[in-house]
Structures are given as C-alpha cells and as structure tokens.
Amino acid sequence: MDGIHGGTLSGRAAILWLLCLPGTLAAQSLHVYSEFRRIDPFGNVVSADRGGTPREILSPAVARGGFASFHLAVTMPRDVPFTLHIAQNPDDTLGATLYRESFVQHGEDWIPDALTPISLPYNGVITNSNAIEEQNTLPFWLDLWIPPKVPPGRVRVEAQLFFKGRWIIYPLEVRIQSVGVPKHGWIPGRLAPVESAVEAVAMSPVAAFLCGLHEPADDPPPTVRRMIRRNVLQDLALARTIEDSKGPDTVAGLFLAELGTDDLEGWCESRPPEGPHREWYLKVRDSLRTGEVR
C-alpha cells in the first residue's frame, strides 16, 4: 500500500494517538510477543504457554549473523480489511520475512504451528468463511535476519497496522550487538509435541549441549517449533565460542542459574521437559548476545 512508510505517526505517539479515539482499541489491536508465547485465534496466549507475565518486547538485543523472531498478533473485527507491514530505519538494514501462522486443534485449544511465507505489505481480513468460530485474531511470525557485516548499533523496526484510515504502530528498537553467530549447520532433532509448552522445544538441544546427549534424528517442515529450534541452535553455536574462551563451566553456570539449580549432573539425570517459567530461556539468550557471561 502506497504511503505505508510515510503516512504514519512515530512510535509511542501513534499508539497514544489511537488511545484517544473512542473504541479504537477495543476491537482492533497489534501486539508483539516473544517466540515462547504463541497466540490463539482469540488473542490469548495458548494455555500451554501461559505462566508469569509475558515479556514486553521493546528493545531486543540481537547478534550479527543470526535470526531474531517474534509473534505478531493482529486483532480485528470480522470483515474489516487491514494492511500489515514491517518498516525499518535505516531502510533495508535487516532482512525481514513475515509468515502466516496456521492453527491446529488439540482438545479445546487452537495452537499456531505451520508457517506460510507472505509478501509485504500483507492485506488481510477475517471473514465468516475463513475463520474459526469466534476468531478475532490472526497471528504472524516475524523473522529478522541480522547480516554478519552490519555494524553494531540501533535499528528502528516498526510493525505497522492500517485499517479504516487509522494506524497502529508497534515500534521496536533493535540493538545490534558486536558478537556474531559462528557458522553452524542444522542439527536434526525431534521436536516437542505441538501441545507442549513451546519452551520444551528449546529443552532438547539445551540438554544435548549441557549433558552431552544425542538427540533422535528428525527434520520437520517449517513450523513455529522448527524456527524456535533453529534459533536455539544458533545460540548454542555462540555458546560454544564462549566455552572456548572462558571455559565450559561458565556457560553451564549461565543455563543452570536460570533453570534454578547448581547441580548439572542431577539436572541431566532428570531432564525436565520444561523450565521454571515460560520465558526463562530469553535471559540466557540475552547474556549470550550481549556478551554478559562471566
């Protein structure tokens, strides 16, 4: 849509402007969540991923030569067309790919999993013919690629939602760190079931890394869970470089501190499928990316 870059208000000003319009956000909204909080068709975190307060995504730290991923949730009344776009300043600093998330039903829950790449800007609408009963939300997966040679600094990334002549802007100040993800390959591994807490996907490669285990081989199609595994593998590649310079106990201690234990052997024997809270892993990732590992 022409003017999607130039016609917006900036950042918080746009959000505050919309809050002044009676009823605007009651039925329409745009939210950004971490990859560990999947969103159902009704705008709620899926039941398996609840627990604690979801992290507010405002200024994520990212490593060069790697991906950073987020869930976007667009809530909209039926039959109201909207346009969703991703803008950057400076332009074209990062690679940005947007995917539609498709739901699978498990019991009474609808869980997003399969991913379909879409072109930007994306024009969408929720209609009676394409919606789950009472659905009011469409979830998307945003993949940001940070080129290995981009200089450290800050890039403004905006999720921009346009409908009925109005805008909702969700701004991110992406902080590009000096650390770089070393080259590494995909390591096949079996994914946790879709109905599990999504953090369970991270547990398998983390346990293999910490405990020296071999994972059952698998190579799943593109899904939310596969993307999370990809992101964890790039974190572990970065962790191995830290091990080489600071020793394995340093990295193991970082993980164990967030897992709530100092007993690596005991944890490896029990290998719980989930951590102490839904976004525990993000604190480890932040430390790896910012180099705050001592």
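## The mixed sheet

Five strands, in the order E2-E10-E9-E4-E7, make up an open sheet whose pairing is mixed, where strands are DSSP runs of E of at least two residues, helices are runs of H or I of at least four residues, and both are numbered from the N terminus. Two strands count as paired if DSSP finds at least two bridges between them. The edges of this sheet are strand E2 (61–64) and strand E7 (122–124), each of which pairs on one side only, and the twist from one strand to the next averages 30 degrees. Angles such as this one lie between N-to-C directions and run from 0 to 180 degrees, with axes taken as lines fitted to C-alpha atoms, for helices over the stretch in contact.

E2 and strand E10 (residues 166–180) run parallel and are joined by three bridges; Arg-64 stands opposite Gly-180 in E10.

## Basis of the model

The model is predicted, with local features requiring pLDDT of at least 70 and side-chain atom pairs counting only at pLDDT 80 or more, while totals for chains, interfaces and linings use all residues. Residues are numbered from 1 along each chain as its sequence is written, and side-chain values use heavy atoms, with hydrogens and water left out.

Another open sheet is formed by five strands in the order E1-E3-E8-E5-E6, with antiparallel pairing. E1 and strand E6 (109–118) are its edge strands, each pairing on one side only, and neighbouring strands are turned against each other by 30 degrees on average, direction ignored. Six bridges join strand E5 (residues 95–106) to strand E8 (residues 137–146) in antiparallel fashion, and Ala-96 stands opposite Leu-144 in E8. H4 packs on the sheet and touches E3, E5, E6 and E8, its direction making about 150 degrees with that of E3.

Strand E1 (residues 29–34) has five of its six residues buried, so it is largely enclosed by the rest of the structure; buried means under 20% relative accessible area, exposed over 50%, and partly exposed in between, with a 1.4 Å probe and protein chains only.

## Nonpolar cores

The largest nonpolar core has 36 residues, of which Leu-210, Ile-228, Phe-255, Trp-267 and Tyr-281 touch the most other members. Such a core is a set of buried Ala, Val, Leu, Ile, Met, Phe, Trp, Tyr and Cys residues joined through side-chain atoms within 4.5 Å. Two or more residues come from each of H3, helix H4 (224–246), helix H5 (248–259), H6 and helix H7 (280–290), and H3 gives the most, with nine residues. Apart from this core lies another, of 34 residues, which includes Phe-82, Leu-84, Val-155 and Leu-172.

Tyr-281 is in contact (heavy atoms within 4.5 Å) with Phe-36, Ala-202, Val-206, Val-232, Asp-235 and Phe-255, leaving aside its neighbours within four places in sequence.

## The disulfide

A search of the whole structure finds one disulfide, defined as a pair of cysteine sulfur atoms within 2.5 Å. This disulfide joins Cys-211 to Cys-268, with an S to S distance of 2.0 Å, and the link is left-handed, at -85 degrees about the S-S bond. Because Cys-211 lies in helix H3 (residues 200–211) and Cys-268 in helix H6 (residues 264–270), the pair ties together parts that are 57 residues apart in sequence. Cys-268 counts as buried, at 16% relative accessibility.
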